[in-house]
Amino acid sequence: MAFVGLHGRETETARLVNLIGATPAGVPTVVVVRGEPGIGKSLLLEAFGRLAADAGFQVAAVPVRRAPARPLAAVDMALASLESMPRGQAGTGGAPSPSPRRLDGLLDRFSAHTSRGPTLLCLDDAACMDQWSTRWLRAVSETESASPLIIVLSETAVDVGLRYEPAGELAVAAEQLNLDGLSPAALVQLAAQRGIALGEEPAAVCYELTGGNPGLLLSLLDSCAGGAPSAQDLRGAAECTAMPGNSRWLHGLGPDAVALAQAVAVLSQDTEISLAARLANLTREQAMRSLDELVRFGVLANRVPLVFRRPLVGSMVRGAIPVGSRTGLHLRAAEILRDGHFGATRVAQHLLAAGPTDLNWAARQLLVAARRLARTGQADEAAQHLRRVLREKLPPKIRSTVHCRLAELDEFVDPTGTERRLEGARVEAEAPESVGDYAMALAGLLTRGGRPADAVAVLDDTLGSLGAEAPAQVWRLRAHKALICLGGPGWLSGASESPDALAGARPATPAAGGELAALRAAHAVAVGVDRPTAVRQAGLALAEGRAGWCVWHGCSALIHADELAEAWTSCSSVRPVAGARPGKWEHVMAELLRARVCRARGDLRGVLGALAPVTDVLRPAAARGHLLGALGIAALVEGHALRGDADTALGLLADCGLDGDLPVRQDTVAVLSARAVARESAGDLAGAVQDCLAAGRLLDERGVRNPAVAPWRSHAARMLTALGQPAEATRLAESELTDALRWGTPRTVGTARHALAVAAFAATDHLGALDAAVDALAASPARLELAVARLDLGVALSGAGRHDEALRELDTALTLAESCGAPPLAERITTARKQADAARHEPAVDRLLAVLTPQELKILTLARDGYTNREIAGELFVALRTVEFHLSGAYRKLGIAGRRQLPEVVPAARPSRS
């Protein structure tokens with residue numbers, strides 16, 4: 001047998017079906033079916049009744065909840081069912097008052113029916129029976145019957161260790177049948193019976209919201225349109241305020257229990273008992289009693305904090321509250337949470353639900369919540385909070401501030417629309433402070449979008465409209481313009497005002513002080529002379545500045561000055577919570593700054609780790625010319641190239657349209673520098689040199705010679721040396737060393753000295769120059785550059801026959817390269833170490849001659865055999881000066897004074913070298 005219309009109740013079916021044949025005459029069998037509303041108790045009783053009738057049972061099925069409100073009404077309905085009377089006529093016409101005599105008469109009538117054959121008495125919602133009906137039921141259960149008698153009761157309660165007594169000891173002694181929720185598969189079958197197809201994810205959402213309750217599922221599906229709702233559709237329907245079936249959950253509960261349930265529904269999940277009691281205006285004792293009642297009836301789960309047993313029930317209870325009462329509850333909840341210091345985010349949830357309030361404290365709570373939501377990756381929710389703030393009555397300055405904060409979030413997803421809205425707000429605003437705020441927000445958007453000239457035009461237009469009536473706003477616009485121009489391109493740099501020109505008119509506000517400090521820090525870096533001033537002003541910018549560009553310029557100055565710990569701390573303060581999606585460009589900026597700190601430390605894994613989560617944001621942004629997008633891609637390109645993945649680096653450039661001719665923008669120098677590293681990694685030294693020189697020309701146009709901004713000359717010098725152009729390489733390296741000494745960081749000085757030592761390989765004190773470069777870099781955080789310098793020093797030491805020293809340098813270099821995550825460099829060092837170790841075991845003469853070039857060895861051999869310089873030139877068809885140059889270089893390498901010592905180091909037979 002199977003229950004028609006039931007799914008997932010096979011176990012309950014089997015237990016009830018067994019009663020039909022296993023119940024003997026004598027003491028009746030009593031079963032209590034318990035479960036929450038909508039779980040299927042009535043359907044189960046109805047189906048069991050049909051099965052029992054098919055097996056020859058007399059069936060009396062009574063929906064007690066629908067019985068008339070008078071004593072013994074349920075008994076009258078049961079007897080009428082057995083006597084085939086219409087239920088509507090049972091007990092009508094002025095039923096006599098209840099009394100023991102009448103009770104005995106009803107018992108006799110029921111016994112007469114049971115004596116005729118097996119009987120099933122089903123009492124649905126038995127807890128609603130009146131006292132006299134309960135007494136009758138107890139007497140029936142204690143009276144032996146001549147035929148099998150099964151009594152099945154249902155009640156709205158759950159088995160949580162509490163016993164509700166529909167018939168005193170009857171319920172305790174009865175067989176218990178507790179109905180739980182259906183499985184997800186059974187929910188899918190039930191939905192299919194209604195013509196609705198549920199996929200795997202929608203089915204999981206249905207189970208999450210309903211706990212497998214069939215009644216809740218049907219209510220949820222009835223609120224959805226279409227025959228195949230999505231997970232999002234189902235979650236949206238769960239918030240419907242007119243969901244069918246919501247009244248059954250609070251039916252029969254006392255007013256205190258209803259008030260507590262409504263309070264929990266308004267306060268949402270995981271509510272403290274004390275909060276719910278305050279919102280429901282209940283004492284602690286009243287709240288505890290009501291809580292027990294709600295748990296017993298399956299409305300709330302049997303735990304604290306308070307939570308609805310089924311999430312959908314909370315939505316149904318909340319939706320059933322009249323809108324005026326619900327708004328009042330949300331406002332009161334907001335006040336209770338605010339006074340209890342439960343955090344702005346929870347307070348703001350209720351302010352959002354309540355709508356505009358005209359409360360003085362509401363806007364601040366919403367603003368704080370919006371900031372926290374943005375940092376946790378919930379940008380859409382943060383924007384919703386800000387739009388809610390704008391519905392309040394706000395002073396013009398606060399309104400413009402909120403508009404600008406909202407623009408930061410909107411820009412991330414809709415830059416064009418945000419630009420249009422900011423321009424409209426700037427034109428329509430009347431208060432000078434508001435006009436200035438909108439202009440600066442718009443200029444920042446345009447600058448980040450790679451349009452600094454348009455940004456300057458907006459600022460100039462706003463300056464012209466404000467005139468002298470708003471000096472504070474005028475000063476801020478001038479300072480912002482100076483920073484934009486300072487960042488280039490070169491033709492804009494001339495329009496930048498100097499920090500000293502702006503200092504005299506600075507408003508006496510901390511924000512203005514931070515903005516001036518950011519300008520001074522950026523200016524000091526560009527000039528490249530006064531590093532202590534750059535560091536001091538960067539600290540002031542980060543301490544006093546509020547704008548995101550203060551953080552950018554402050555941290556950038558610290559990175560250029562190798563104050564990496566302070567830079568790391570400062571940029572981390574504005575980044576989103578770890579693992580959260582960025583919601584505005586300030587968050588991407590923070591990750592980019594962290595990547596730059598990692599690169600300055602030589603931590604290539606850290607570079608890729610910081611930018612990997614935002615790569616999908618950076619790619620399209622870089623392709624459309626966004627400043628931070630292009631800078632981020634440049635950092636990724638350099639990181640991949642230095643880790644040996646040149647194909648990925650070049651592919652990134654190609655994907656973003658950065659592999660060809662580049663327009664002159666603020667990010668062009670960074671992109672050219674990164675592209676040079678990628679091309680060098682791929683073996684294209686000539687192309688890499690061209691990119692370095694192009695970056696240098698752009699920096700020269702801006703008057704920026706500080707090698708901390710971009711060490712393009714040392715990079716080009718090393719590659720020019722490899723290409724056989726030592727003279728040009730030496731010129732560039734000497735120029736960079738001069739500027740590096742002016743800036744004064746060990747990194748810039750060591751990098752320039754290293755490039756100069758490589759370019760001047762034939763110099764007398766080549767080893768000394770490399771040693772000085774290593775010493776300088778060892779005093780800096782530049783681990784990767786130090787590893788390269790130690791590699792070159794180790795090779796040079798090995799060539800000079802100082803193999804033990806060479807091996808020590810190469811071992812240290814290898815440790816550094818591996819810690820930096822630079823496999824190609826580590827491989828080069830490993831190869832050099834093997835060669836140095838092998839050279840240590842060669843004969844002394846062979847080791848000396850190994851440092852010579854093939855041409856030098858030929859010339860030395862002829863000289864040893866007595867050839868004059870002119871005769872050697874004729875023998876080898878080279879110029880006399882070439883012979884002299886090679887001889888002097890070879891003498892220095894071998895450590896000898898002249899020809900007289902050649903027989904000591906050059907064998908008589910001419911050795912042949914490939």
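Predicted model: local features only at pLDDT ≥ 70, side-chain atom pairs only at ≥ 80, totals over all residues.
1. Cavities. Searching the whole structure gives three cavities of 30 Å³ or more. The largest cavity holds about 50 Å³ of space.

2. Lining of the largest cavity. The residues around the largest cavity are Pro489, Gly490, Val664, Arg665, Gln666, Thr668, Val669, Leu698, Glu701 and Arg702. Two or more residues of this lining come from each of α35 (668–681) and α36 (685–702). The largest share, three residues, belongs to α36. Sorted by class, the lining has four nonpolar, three polar and three charged residues.

3. Length of helix α39. This helix covers residues 746–759, and its 14 residues should span 20 Å at 1.5 Å a residue. The C-alpha atoms at its ends are 20 Å apart, which agrees.

4. Is α39 largely enclosed or open? Of its 14 residues, 12 are buried, so α39 is largely enclosed by the rest of the structure. Among the buried residues are Arg747, His754 and Leu756. The elements that cover the buried residues of α39 include α29 (564–572), α30 (585–601), α37 (712–722), α38 (726–743), α40 (766–778) and α41 (783–799).

5. Val906. This residue sits in the segment after α48 (902–905). Val906 has a relative accessible area of 1%; buried means under 20%, so Val906 counts as buried. Ala863 is 43 residues away from Val906 along the chain, and the C-alpha atoms of the two are separated by 9.9 Å.

Definitions and conventions:
Residues numbered from 1 in each chain as written. Heavy atoms only, no water. 1 Å grid on protein atoms, 1.4 Å probe; cavity = no way out; pocket = protein on both sides within 12 Å on 5 of 7 lines; lining within 4 Å. Points joined across faces, edges and corners; volume = space filled by probe spheres on them. Helix = DSSP H or I, 4+ residues; strand = E, 2+ residues; numbered from the N terminus. Nonpolar A, V, L, I, M, F, W, Y, C, P; charged D, E, K, R; others polar. Buried < 20%, exposed > 50% of the residue type's maximum accessible area, 1.4 Å probe, protein only. Expected span 1.5 Å × (residues − 1). Contact = heavy atoms within 4.5 Å.
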